[in-house]
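Subject: Structure for you to look at

Hello,

I am passing on a structure that you have not worked with before. Please open it first, then read the notes below it.

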Amino acid sequence: MPASSLDQLVSLCKRRGFIFPGSEIYGGLANTWDYGPLGVELKNRVKREWWKTFVHKRGDMVGVDAAILMNPKVWEASGHVTSFSDPLIECKECHYRTRADKMMEEWVYFKEDGNYESFFTRLIRGIQPLLKVPQKAPLKGKQKITIPLKLSFKLKDDDREIKTDSLNITYDFDLNAIDKRALIHHFFQEILRFNCPNCGKTNWTEPKQFNLMFRTQQGVIEGEGNDIYLRPETAQGIFVNFRNILDTMRPRLPFGVAQIGKAFRNEITPGNFTFRTREFEQMEIEYFVEPGKEKEIFEEWKELVWNWYLSLGIEKKNLRIREHDKEELSHYSSRTIDIEYQFPWGWGELFGLANRGDFDLKQHEKFSGEDLTYTDPDDATKKFLPHVVEPSFGCDRTVLTFLLEAYTEEDAPTASGGSEKRVVMKFDPRLAPVDVAILPLSKKEHLIAKAQELYKKIIQETDLVVDFDVTGSIGKRYRRQDEIGTPRCITVDFGTLGEDDKQGTRDTVTIRDRDTLKQERVAIGGITEKLQ
Ligand code: ATP
């Protein structure tokens, strides 16, 4: 049962050391977050599981760890310098800033049969038939067309309904491709008629294209020529190393290259905890295939990723696949799907899968002048640019999803026969930040010594992460371990020392299961095997 509100989770994360607000002692820095002692363990485990599944267990994958700072030409070739921008509008009254396109995506068209569809789908549906109407002169290239459209919109999760009288769009259509960006830009004039969601007034600035790449300077002399960017995605670090990987690893198609690393985007509207931040981590794969094979491979990756999320405990009902409309596709992609998760504020993208064709390799060949062709090892005359299927995971969003999914409030029986509410993080044991906690029943010195002996034995003989906790009552300590999601707690008590009335308890301990709360008496002798 995922957390029903984000606040519950944010507070648990702070209280228990998963995620802290960034630079907190200086009053913070908006929308920055620091992973604390347990958060970093959880995140590392997510990355470890990912690398194990998608790199080590496959045999057709290698990894790289490229530099964050890259030659600025990379971003010219990739298209980021010209088109990695979002349209920014600002309320002149209250200075609320927002992305005009997001605002539009939030609008849901209200169809008569009670269904909703996105503004875009509706718009494109409205426009397409008009494009097909026979014209006196054949339509070629750019055309000015006026389209009267009457639409009524609803805002997502909002009862307000917005009616437009009649939108007369006169727009230069490039009939070969409807340019989503240009179309949105046209529509901004309409958006500007709506109220600011913050102050309710209607006084917006004109939309400005705002490039999301963070700029910085390299070297000691400020000024022209030294400007570089922090990478906005990890993908390009893979493409620029393609030749090196071919030459050193001699991989055969199909094969993939994986990378985990930080990316930076100067997002206009960061928020929702770690969902959208300006600095975040991605886990990306570029999977290279023979041209023509990408459709089939695309389907394979879709299945693999979907199942990976399920295998680590995400409930099916909280996941869905969203296919991008043709009009919505990025310049490099011929097909994109997102896997979305049902966050407390609604569905949001967790993962994207794109068919990038040979766009990137072609661009890098053009801009670098280097030969990036692959040579068929069985037929040296066959040289070509492989096509690319790109599975792209947000690492922080994936961690957030596991946190939300693990959060559980339930009634648990108490020792006295009653019941009490407990919060428990039901992580898959492969992800839990702590594997085992050792809890001496009391603060008696010889009990602590015995428990410490066991602690040392387990950390020396296994790879498990072990917590040792003596602070507070045993009940309080169990509650803490539940809240951090420790699958097993080991209690060392007077029986362990042979000091209670029961027979045969010497050198045995109690293991408590996080989910079932069952307690089992186990001999210390075989404990490491049992835990593993
Ligand atoms: P969005 O539409 O949410 O801005 P996007 O489509 O731009 O995302 P991609 O460029 O496909 O995202 O990036 C791949 C993945 O990286 C996303 O699926 C998401 O999980 C993650 N990601 C992208 N932007 C951010 C961000 N600002 N903060 C955290 N994670 C992000």
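Two strands are taken to pair if DSSP finds at least two bridges between them. Helices (H or I, at least four residues) and strands (E, at least two) are DSSP runs, numbered from the N terminus. The model is a predicted one, in which local features need pLDDT of at least 70 and side-chain atom pairs count only at pLDDT 80 or more, while totals for chains, interfaces and linings use all residues. Residues are numbered from 1 along each chain as its sequence is written, and side-chain values use heavy atoms, with hydrogens and water left out.

Overall

The protein has 15 helices and 29 strands. Buried residues make up 49% of its 532 residues; buried means under 20% relative accessible area, exposed over 50%, and partly exposed in between (1.4 Å probe, protein chains only). Contact means heavy atoms within 4.5 Å. Of the contacts with a separation of 6 or more, 64% are between residues 24 or more positions apart.

The sheet

An open sheet is formed by five strands in the order E26-E25-E27-E28-E29, with mixed pairing. Strands E26 (466-468) and E29 (519-523) stand at the edges with a single partner strand each, so one side of each has no neighbour in the sheet. From one strand to the next the twist averages 25°; axes are lines fitted to C-alpha atoms, for helices over the stretch in contact, and angles run from 0 to 180 degrees between N-to-C directions. Strand E25 (residues 436-440) pairs with E26 in the parallel sense over three bridges, and Ala437 stands opposite Asp467 in E26. Helix H14 (residues 474-484) lies across E25, E26, E27 (488-492), E28 (508-513) and E29, and runs at about 175° to E25.

Helix H12 (residues 395-406) has twelve residues and should span 16 Å at 1.5 Å a residue; its end C-alpha atoms are 16 Å apart, which agrees. The expected span here is 1.5 Å times one less than the number of residues. Twelve of the twelve residues of H12 are buried, so the helix is largely enclosed by the rest of the structure. Among them are Cys395, Arg397 and Glu405.

Gln363 sits in helix H11 (residues 359-368) and is buried, at 17% relative accessible area. Its side chain reaches the backbone oxygen of Ala77 at 2.9 Å. That is a polar contact: a pair of N or O atoms within 3.5 Å, where within protein one must be able to donate a hydrogen and the other to accept it, and residues adjacent in sequence count only if both atoms are side-chain atoms.

Asp411, in strand E23 (residues 407-413), is exposed, with a relative accessible area of 52%. Asp411 and Lys421 are ten residues apart in sequence, and their C-alpha atoms are 4.5 Å apart in space. Their side chains are joined by a polar contact of 3.4 Å. Leaving aside neighbours within four places in sequence, Asp411 is in contact with Ser419, Glu420 and Lys421.

Asp428 lies in the loop between strand E24 (419-425) and E25, and is buried at 16% relative accessible area. A polar atom of the Asp428 side chain lies 2.8 Å from the backbone nitrogen of Arg430. Not counting residues up to four places away in sequence, Asp428 touches Ser311 and Leu312.

Cysteines

How many disulfides are there? The count is zero, where a disulfide is a pair of cysteine sulfur atoms within 2.5 Å. Cys13 is buried, at 0% relative accessibility, and Cys489 is buried, at 1%.

Regards
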